[in-house]
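Please open the structure in the viewer and keep the sequence beside it. The stops below proceed one selection at a time.

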Amino acid sequence: MSIRYLTLTIGPSLAGLEVNTLLRRNLFLSGTVLRRVKRLEDGICLDGVRVNVRTRVEEGQTLSVRLTIPGGIAHPPIPAAGPLDIVHEDADLVVINKAPGILVHPGHGHFNDTVGNFLMDHYRQTGEDTGFHPVHRLDKGTSGLLVIAKHPHSQEQLKRQIHTGRFHRVYLAVCSGVPQPTQGIIDAPIGPVGAPSPCQGVIPEGKPARTYYRVLQTSPARALVELTLGTGRTHQIRVHMAHIGCPLIGDFLYGTEDQSLISRPALHSAKLDLTHPITGDRFVFTCPMPNDMTGLV
């Protein structure tokens, strides 16, 4: 069974400090994570011996904290076999290329056919005792890159990066018409309209939302557009593109659905640029558009 630990060797400058100080200041663990791991027999140890957070350390000792928590989360998705295109995997995170038409989280009517189910089945096969900790989400119809943490600490660190220079997402979309100008910023507040419908819209009382766009290719009727999120509102790209008169091809909520062209909104998560939550290394992942979108352009 694979278990992830984070360790710190105590040097002269750290000797005499409390474990709690080192866990928070040097290893950047939150109070939420610490409350969960300190209950475990091997949760927080000095030289392999369990200690409490008030213990003072000595030079030469090794402080270790367990990051993977047995059972992962209170109600993890049920493991179920399914398509899972893994782009990258290590002890702290996994990046997948999500197929269109698949939900990320289990929910009403979908309890064994989501990314969460498929990933838990993968962990079962590889012997990892971890849970499902998504860092961000993609709509059911959206394809492309998605990052999921393997433990709560990794999830927290990655979520803090979102909408900063340390976590950068680039999308590709095919829209109806050609945006004018061909490069710019859509800065328009978004909020729910017509509850309980899932529809969002540009409304004065909505939350601030910014989308950066650049037209890459055009035809008389449509355009291939590169988009970057400045904020992360529900359906943000779809709402903003419809707002400027260029809804995504196939968007049944904000445009016109046409099954003869594509069976989903033509949106793809094409690039993911992030800082690794533990090592600090920079990772850049890219993923080409699937065939149903390339056929449109």
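**Stop one: an open sheet**

Begin with the open sheet that 4 strands form in the order E1-E4-E2-E3, with antiparallel pairing. Its edge strands are E1 (5–9) and E3 (49–50), each of which pairs on one side only. Strands (E, at least two residues) and helices (H or I, at least four residues) are DSSP runs, numbered from the N terminus; two strands pair if DSSP finds at least two bridges between them. This is a predicted model, in which local features need pLDDT of at least 70, side-chain atom pairs count only at pLDDT 80 or more, and totals for chains, interfaces and linings use all residues. Residues are numbered from 1 along each chain as its sequence is written, and side-chain values use heavy atoms, with hydrogens and water left out.

Next, select strand E2 (residues 44–46) and strand E4 (residues 62–66), which pair in the antiparallel sense over 3 bridges. Ile-44 has Val-65 in E4 as its bridge partner.

**Stop two: helix H4**

Select residues 152–161, helix H4: 8 of its 10 residues are buried, so the helix is largely enclosed by the rest of the structure. Buried means under 20% relative accessible area, exposed over 50%, and partly exposed in between (1.4 Å probe, protein chains only). Among the buried residues are Pro-152, Leu-158 and Gln-161. Just after H4, His-163 takes a positive phi of about 65°.

**Stop three: two loops**

Proceed to Phe-28, in the loop between helix H1 (19–25) and helix H2 (31–37). Phe-28 has a positive phi of about 60° and counts as exposed, at 51% relative accessibility. Then select His-235, between strand E14 (222–229) and helix H5 (236–243); its phi is near 55°, and at 14% relative accessibility His-235 counts as buried.
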